[in-house]
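The sequence and structure come first, followed by the notes.

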Amino acid sequence: MTSASGRPARDLWRRIDRAAGGLAADLGLYALSALFAGFTGAGSTLAPHRAWGAVAVWGYAAACAAVVVQLLIRYAASRAPATPKLTGPTARAAVTAVTWLVVTLLPLLLQAAARAGGAGDRAQEEVLVVEASARRLLDTGTPYLGRDAIAGLSDPLLGYTPYQPGMAVFGLPRALFGAAAWTDARVWFALATAACVVAAAALLRRPGTGGTQVQDSLLVRAVQAATVLPLCALTLATGGDDLPVLALCLLALALAARRRFGWAGAAIGAAAAMKLLAWPVVVVLAAYALVRRRGIRYAAGAVGLPVLAMLPPLLVEPAAFIENVIRFPTGHGLVTSPAASPLLGRLLAEHVPAGRTVALALLGLTALAIAAWLLRHPPRSAATVAAVCAVGLLAAIILMPATRFGYLLYPATLALWAAPLFSVDHELMARVDGVSGAQLPDQLSKA
């Protein structure tokens with residue numbers, strides 16, 4: 001439930017989001033994204049970002065033109081009793097899909113092809129690290145280098161792999177088949193991301209189960225947040241490792257909303273086996289699974305998969321695992337993490353005596369506060385899980401000593417997925433309480 005103090009902001013957002021059947025906000029999204037891509041292409045200091053912006057700006061501009069056409073069609077048919085098919089949620093979803101292909105997949109493939117052809121500045125360091133970790137996994141049984149081995153490298157930063165072992169899977173094609181456009185880790189990041197987002201959207205829409213115009217519109221906006229939002233499009237095209245993790249989180253939430261807790265545990269467990277940022281979602285989803293008395297079924301995948309992924313590196317060289325996954329992200333490695341966006345945790349670490357300790361203490365207190373809230377108010381819907389995770393991850397990203405603005409894609413996307421998750425929860429409750437499908441849009445508008 002939303003407090004009375006938050007209702008004006010919620011109502012304002014609802015009016016903006018639903019203006020002209022959602023098309024007004026679509027136009028704003030694509031127009032602002034085109035500006036962002038244009039400025040990135042012209043002025044970014046990072047070559048992969050400039051290359052992305054030079055292509056994406058035209059994709060976003062084309063999306064703006066498509067939405068303008070939809071608005072004209074809607075205006076011409078304004079006296080008709082039904083919404084024209086070319087302006088409804090299905091048409092908006094089609095524009096979103098084509099836009100994703102142009103602003104994300106196309107620049108990604110162009111950069112992957114250029115890199116395979118010898119261009120050394122068409123991928124962020126994350127791509128190189130993931131692919132190198134896959135080669136080490138095949139050669140030694142662990143994706144991690146020990147501290148001494150890292151110290152002997154000409155660039156120790158590239159020796160660190162600050163991910164969970166599962167992330168190395170995306171580098172296996174290049175490790176096995178050599179340099180080619182299709183073996184670039186970003187290609188496999190994109191395929192995994194697309195598959196998970198499509199599956200999550202299909203679970204939430206479920207055609208033929210009483211989906212409404214309101215529900216479909218909420219889902220379109222959520223999918224846009226995970227695909228064409230510049231935070232996501234730029235990240236996937238140039239680096240990409242965060243997007244499959246985020247997409248698996250969304251899939252886990254959608255599965256939990258449909259009460260499929262075993263599969264939800266497997267999805268979020270796969271995400272947690274790749275990156276620590278998925279662990280807050282693991283914990284909050286666990287609270288929801290316990291409320292639904294499905295804790296054991298959920299935990300089998302949610303805990304089992306990350307543990308299975310960690311066992312080989314821990315057995316081969318436990319010190320290397322600790323050096324890469326714990327010491328380096330917390331600022332105790334041989335070099336400092338390049339994640340240095342000027343958020344609160346970073347500013348404290350740089351400008352306050354013992355600031356790193358202060359930032360980590362604040363992060364711990366925030367985690368304890370959220371845990372205490374969950375004990376008093378355990379989540380009773382997947383939508384609540386998404387909202388709590390959005391707040392928790394936002395606080396964590398702000399307070400982490402090594403942080404970057406790009407991580408904000410997690411809370412931004414989770415927050416926008418809360419609405420379609422909420423609609424599914426009400427749909428399921430309606431079946432139990434006898435609420436008719438016609439009444440459901442009214443309940444959603446009051447939520």
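## Aromatic cluster

A single aromatic cluster is made up of F36, W52 and Y60. The model is a predicted one. Across the whole structure, a search finds eight aromatic pairs. Two of the pairs are described next.

## The pair Y144 and F321

The ring centres of Y144 and F321 are 5.7 Å apart and the ring planes stand at 80°. An angle over 60 degrees counts as edge-to-face, so the pair Y144 and F321 is edge-to-face.

Y144 is located in the loop between helix 5 (125–140) and helix 6 (147–151), while F321 belongs to helix 16 (residues 318–327). The pair therefore ties together parts that are 177 residues apart in sequence. Y144 has a relative accessible area of 2% and is buried. F321 is buried as well, with a relative accessible area of 7%. Both assignments follow from the cut-off, because buried means under 20% relative accessible area.

## The pair Y160 and F328

For Y160 and F328, the ring centres lie 4.4 Å apart and the planes are at 10°. Planes under 30 degrees apart count as stacked, so the pair Y160 and F328 is stacked.

This pair also links distant parts of the chain, 168 residues apart. Y160 sits in the loop between helix 6 and helix 7 (172–177), and F328 in the loop between helix 16 and helix 17 (344–351). Y160 and F328 are both buried.

## W100 in helix 4

W100 is part of helix 4, which covers residues 89–116. Is W100 buried or exposed? The relative accessible area of W100 is 12%, so W100 is buried.

Which residues does W100 contact, leaving aside its neighbours within four places in sequence? They are L105, A190, A194, T227, V228 and L236. Y60, a member of the aromatic cluster with F36 and W52, is 40 residues from W100 along the chain. The C-alpha atoms of W100 and Y60 are separated by 9.3 Å.

## S423 in helix 20

S423 is found in helix 20, residues 409–433. The relative accessibility of S423 is 2%, so S423 counts as buried.

A polar atom of the S423 side chain lies 2.6 Å from the backbone oxygen of P420. The side chain of this buried serine is thus placed against a backbone atom of P420 at that distance.

Definitions and conventions: Residues numbered from 1 in each chain as written. Predicted model: local features only at pLDDT ≥ 70, side-chain atom pairs only at ≥ 80, totals over all residues. Heavy atoms only, no water. Helix = DSSP H or I, 4+ residues; strand = E, 2+ residues; numbered from the N terminus. Buried < 20%, exposed > 50% of the residue type's maximum accessible area, 1.4 Å probe, protein only. Contact = heavy atoms within 4.5 Å. Polar contact = N/O pair within 3.5 Å; in protein donor to acceptor, adjacent residues only side chain to side chain. Phe/Tyr/Trp six-rings, centres within 6.5 Å; stacked < 30°, edge-to-face > 60°.
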